[in-house]
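Morning, everyone. Please bring up the model on your screens, and I'll walk you through a few spots in the backbone.

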Amino acid sequence: MRRIALLGATGSVGRSTLSVIRRHPRRFSVVALSARRSVAALEALAAEFGARHVALADPAALEERPGLAARGWRTGADRIVELARLADVDIVVNAVVGAAGLRPTIAALEAGKRCALANKESLVAAGDLVLRAAERGGGELVPVDSEHSAILQCVGSARREEIQRLILTASGGPFRRMSADDLERADATMALRHPTWDMGAKITIDSATLANKALEVIEAHFLYGLPYDRIDVVVHPTSIVHSFVEFVDGSVLSQMGQPTMELPILHALTWPRRLPDPALRSFDPCTASPLAFEPVDEARFPLFRLGVDAGRAGGAAPAVFNAANEVAVEAFLKGIVTFTGMPKVVEAALEALAGRSATTLDEVLGADRAARRRAAAEVERMNRA
């Protein structure tokens, strides 16, 4: 029985994780749960799974429910970090959205836990710090992203020097065929209609802009230790092939499957073993065909190149990119900036702050805060123009 702390339990990845756990009650137990402020939903989950530790990130979340505090519920970012360190937890599933997931990732790894990582911002903002935390504490980093789960499965026992190249796939999002002129008029309702994946709002918008794929390139750099010029991306609209690994002898392996997050979640919980799960659809090559691929259009989706270039630059640039992108997405969802305005918000923050140092957690978090302020100022400036 593996004991799970699920951080971000009420989001899309959190809900998928709980669906997997429900089907395997003899394999997994939920010890701890967290959410940002979804009190009622979290209360129902805590009762269903018998979670002994419950926390909400928003300090004000329990103001109208003081009885929950008396039952041991806690609030605040520090409480989420404490859940990641619990002695009676084997696996921490970090499904927190955004930079708020960084400290729990480091805490879990320092405590020697397996961190099933869906929070890509941890590696993007502070990849070196995360890897050092794993080395220092003996923790294990297992990716939940479908693309990185695919790479992990393809790499197998191969040594790093045997890997020539990684090729991540991107669906292209809902605007793959939209002209540059039409992108000017694209709104949040349109952007949230993802053609193949069912995800939360922030990740769905990132998929529409291809910022999500830039974040995954940076993740791959840290997870697999390859330079950026050996990590490529292709658009694959049906999301059947989740990634390729090319080896030095010319062999290429891919991992394929229907686009569901439950498969990589199950793999992260059981790796390096596999657990039968009849609920996950059997693969039919005939209905999955044809498999088409095309290059990324960087001119129409400039956030992809901005993000990859931030990764190459290193230092605080990836953290700045990530934080400014979060601000831009929030503004777009509120209708404050346009789809094509989001890259301008991010670029303004990168131009102002990308050269900062990010060798400590305080520096990374400082760059994150500064980037949010600069991005917010750019949003305000654009609205006044």
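One term before we start: a residue is called buried when its relative accessible area is under 20%. Also, keep in mind that this is a predicted model.

Take Ser239. Is this residue buried or exposed? Its relative accessibility is 5%, so Ser239 counts as buried. You'll find Ser239 in the loop between strand E9 (231-235) and strand E10 (241-247). Now look at the backbone there. Phi of Ser239 is near 55°, which is positive, and the residue is not a glycine. Here is the background: most residues other than glycine have a negative phi.

Next, Leu210. Its phi is near 70°, again a positive value in a residue other than glycine. Leu210 sits in the loop between helix H10 (201-209) and helix H11 (211-224). With a relative accessibility of 4%, under the 20% cut-off, Leu210 is therefore buried.

On to peptide bonds. Most of them are trans. Pro272 belongs to the loop between helix H12 (262-270) and helix H13 (285-288). Another cis bond joins Ser289 and Pro290, with omega about -5°. Pro290 is in the loop between H13 and helix H14 (302-313).

Now the helix I'd like you to look at: H6, residues 121-137. A straight helix of 17 residues would span 24 Å, but H6 spans only 20 Å between its end C-alpha atoms. What do we find at Gly127? A kink of about 105° in H6 is centred there. The buried residues of H6 include Gly127 itself, along with Leu123, Val124 and Leu129. Just past the end of H6, Gly138 has a positive phi of about 80°.

H6 has a partner. Helix H5 (residues 102-110) packs with H6 at an angle of about 15°, and their axes are 8 Å apart. Angles under 35 degrees count as roughly parallel, so H5 is roughly parallel to H6. The crossing is right-handed. Which residues make the contact? From H5, they are Leu102, Thr105, Ile106, Leu109 and Glu110. From H6, they include Ser122, Ala126, Leu129, Val130 and Ala133. Those five H6 residues are also buried. One reminder on helices: there are 3.6 residues a turn, so residues three or four places apart point the same way. Keep that in mind as you trace the contact on screen.

Note on methods: Residues are numbered from 1 along each chain as its sequence is written. This is a predicted model: local features need pLDDT of at least 70, side-chain atom pairs count only at pLDDT 80 or more; totals for chains, interfaces and linings use all residues. Side-chain values use heavy atoms; hydrogens and water are left out. Helices (H or I, at least four residues) and strands (E, at least two) are DSSP runs, numbered from the N terminus. The expected span of a helix is 1.5 Å times one less than its number of residues. The bend at a residue is the angle between axes fitted to the seven residues ending there and the seven starting there. Buried means under 20% relative accessible area, exposed over 50%, partly exposed in between (1.4 Å probe, protein chains only). Axes are lines fitted to C-alpha atoms, for helices over the stretch in contact, and angles run from 0 to 180 degrees between N-to-C directions. Angles under 35 degrees count as roughly parallel, over 145 as roughly antiparallel, 65 to 115 as roughly perpendicular and the rest as oblique. A crossing is left-handed if the near helix is turned anticlockwise from the far one by less than a right angle, and right-handed if clockwise. Contact means heavy atoms within 4.5 Å.
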